[in-house]
Amino acid sequence: MNLLKLDKATIKFGGLIAVNEVSFEINKGDLFGLIGPNGAGKTTCFNLITGVYKPTSGQISFDGRDITGTPANKIANLGIARTFQNIRLFKSMSVLENVVTAGYLRHKTSMASAFFYLPSAIKENEQLKEEAMKLLEVVDLAHVADVRSCDLAYGMQRRLEIARAMATQPQLLLLDEPAAGMNPQEKEELNAMVKKIRDHHNMTVLLIEHDMRFVMSLCEKIFVLDHGEEICFGPPEKVRNDPKVIAAYLGEAV
Amino acid sequence: MLDLAPHLLAGLEISTLPQQLVTGLLIGTIYALVALGYTMVYGVLKLINFAHGEVFMLGAYAALLISWSLGYTPGNSLEHGSWMALILMLIGAMIVCALIGMIIERLAYRPMRNQARIASLITAIGVSLFLQYGGQIFLLNGTPQNIDPKVSPFYSSDPTVGNIQLTIKGPNKELLAKADQMSSLVDKAKTDYEAELKLEGGDEFNLQPKGKELRDLYRKEQRDLESAKNDANKGAILVNLPKGQVFMLGSVLIIMVGLTWLVMFTRQGRAMRAVSLDFDSASLMGINVNAVVTFTFALGSSLAGAGAMMAATFQSGTKIDTFFGVLPGVKAFVAAVLGGIGNIPGAVLGGILMGLAENLVVWAGYGGYKDAIAFVILIAILLFKPGGLLGSAKVEKV
C-alpha cells in the first residue's frame, strides 16, 4: 500500500517546466531519497506535495486520497510535515514554543476555556509541553528548550525544524537538505536520528540531500531528478553506478 | 533665544500639570486601544489598515444607535443611565466593529493578498475614503450627533458628584480660615444692602446715597472674599477624575490584560504569532492562515469599537460624524509607529505617550497645536528611530 503517489505531476512557471511528468510512489516506512543537481526541481516537488504550489497537471495522492490542489494547512492536517532548506523557524519564539505551536492542530481547548484558564486548558497546555519536551529529547535539544530559536547554532536549528515538523504527528516527514551546513560528526548523528524517527515514531521519510555519502548510507530508495525529469530510480547501488546520474552530476565525457 | 525662554515658558503653571498628565493618560489609553488594531494587522499581514479609523467611526455610530434604542434619543427626559446600558453599548460596539473588520478583510484585502503590497495599501485608503464619504449617505445623513452623557450611570450635572477629586496638595489652611470668616462679613453686608434696597423702593438704579454706600461695601466685601479664596488656593494641586473616565481606564486595563493573555497563552494567540513570524511555514504546520487573519481583524476591530464607544460617551461634547475616526485613526497609527509597529506592548506604550504629549502641549499653552504634535512625533521617530521605541532594528545574520 503506497502512502504517497505522484502521478505525472507537472508544474510550469511561465515557459519554464520546473517539474515534468514526475511519477513515484512511497510506501509506508520507506526512507526515500530525492536527489539531483542544483535547479533540478527537488524543492519544487516538495512544494507540490505540501500544497504550496498547485500542479499544472497530474495528480498527487496521499494515503489513498487525492490531494491535488488542497490548501497547505489541510495537507498538514492530513499528515504531511516538512522542514525547509533555508531554515524557517519562528525566530523570536523559544525552542519549546516552536514545537508547541506546531502541535496547534491537536489542541482541543475552546477559546473560551483557554481564555478563562479553565482546568482543562491548563491540563492540555501541560500535556502539550510534555509531548514537546519528548520530541526535543529525540533531537537532543531538551537542554536548550528555553533558548530563543534564532540564538541556536545552525546544526541545532536544523534539528529543531525536524522536531517542529514531528510535532504535527505526520505520517510522512519531508526533510529538505537536513544535513546542509553540518560537519561530518553532526551528519553521522543526524543519520542515526532519522533512522530512529522512522523506526520508533512510525514515520515515513522523504528527504532531499546533496551529500551523496549521507543519502547512500541512509536511504533505501533513491529518485534522481534532473531538469525536472526523472533520470533514475532504485536502490543506492543502482543509482551510484547509473551513467545518466554520473553524467548529470559530473557532466558527460566529451 | 535665551531672552525668549522665560516668555515661552510663562504659561507653565506647575499646579495644573498633574491634571493634564491624568487627562493625557486617559486619552492615551484610547489611542492605545486603536493602535493595537493597527499593530496586530500589521504584524500578521504586513498591511497598514488605513480603514481602521473608519472602523472606529462605525463603532461610535453603533454605540450611538444602541444608546438611542435604550431611549436616550436627542431631547429625552430620562434619568441617568445604568451600568447595564454602558456594558450593552460597549459589547455592542465591539461586536459590530468585529463584524465590519471581518467583512472589510474578506471583501477588500483578501483578493489583494497575493498582489504587490502597494495594491493592498491603496485598497486600504480606498476603503477608508469609501466609508468616510459613502457613510454620509447611510449614517443619519452625516449629521453630527452626540451620545447623551446621561446614559452613563456616573453622570451628574454637578461636577463635584460626577468627579473623583484627588488632592495632591491642599489649599493653605490659615488663609482658608480667614476667607471663611470673611464670608460671614459678606453675608452681613448683603442683608444690610438688601434691607436698605427694600426701604428705598427696590429700584437698584435709583439709590439714595446710603443705599449706594451699602451697595459698594457689599461689592467690595465680595471682591475681597474672592481674592482671599484665590490666595488660599494658590499652590493647591487638585486633580479631577470624571468617574466615567475612571470606568474607561478600568475597562481598557482589563481588555489589555485579556489581550496579552490571549496572544501569549492561547492556541489562537500562538497561531497568530506563528503567522506573523512566518506566513508560509505556519500554514505548513497546519495553521489555517485565513482563519487567523480573520480572527486578527475581528479582534483588532473590536478593540477600536471599544475605544470609540468610550471616546464618544465619556468625553463631553463629542460629536459623531463620518469623519469621527480620521484624527484618532491617524494619532493611533502614529502611536503604533512610535511604539514599534507590529509590537503589542509597543502600541500600548505609544498610545499613552501620544496622549501625554498632546496634553503637555496644551499645558504649555499651545492648545492650538494639540493635533499637530502627532505629526511632529511621527517625523521625529521616522528620522531617529524608525523601528519604534520597542521595535528591534533588524540585523541580518550573515
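Student: What makes up the contacts in chain A with a separation of 6 or more?
Tutor: Residues 24 or more positions apart account for 66% of them. Two residues are in contact if their C-beta atoms, placed from the backbone, lie within 7 Å. In chain B, 80% of the contacts between residues at least 6 apart in sequence join residues at least 24 apart.

Student: What kind of model is this?
Tutor: This is a predicted model: local features need pLDDT of at least 70, side-chain atom pairs count only at pLDDT 80 or more, and totals for chains, interfaces and linings use all residues. Residues are numbered from 1 along each chain as its sequence is written, while chains are lettered from A and ligands numbered from 1 in the order in which they are written.

Student: How many helices and strands are in chain A?
Tutor: Chain A has 10 helices and 10 strands. Both are DSSP runs, numbered from the N terminus: helices are H or I with at least four residues, strands are E with at least two. Chain B comes to 15 helices and 2 strands.

Student: Why is chain A called as compact as a globular protein of its length?
Tutor: Set its radius of gyration against the globule rule. The radius is taken over C-alpha atoms, and the rule is 2.2 Å times the number of residues to the power 0.38. For 254 residues the rule gives 18 Å; chain A has 19 Å, which is close, so the description holds.

Student: How does chain B stand against a compact globule?
Tutor: A compact globule of 398 residues would be near 21 Å, but chain B has 27 Å. The C-alpha atoms of chain B fill a box of roughly 95 × 55 × 35 Å along the principal axes. For chain A that box is roughly 70 × 40 × 35 Å.

Student: What makes H1(A) largely enclosed?
Tutor: Burial. A residue is buried if 20 or more other C-beta atoms lie within 10 Å of its own, exposed if 12 or fewer, and partly exposed in between; C-beta atoms are placed from the backbone. In helix H1 (residues 42-49) of chain A, 7 of the 8 residues are buried, so the rest of the structure largely encloses it. Among them are A:Lys42, A:Phe46 and A:Leu48. Just after H1(A), A:Gly51 takes a positive phi of about 85°.

Student: Why are H7(B) and H8(B) called roughly antiparallel?
Tutor: Helix H7 (residues 173-199) and helix H8 (residues 209-233) of chain B pack at about 160°, with axes 8 Å apart. Axes are lines fitted to C-alpha atoms, for helices over the stretch in contact, and angles run from 0 to 180 degrees between N-to-C directions. Under 35 degrees counts as roughly parallel, over 145 as roughly antiparallel, 65 to 115 as roughly perpendicular and the rest as oblique. The pair is therefore roughly antiparallel.

Student: Which helix gives the most to the side of chain B that touches chain A?
Tutor: H10(B), with 7 residues. In total, 19 residues of chain B are in contact with 23 residues of chain A.
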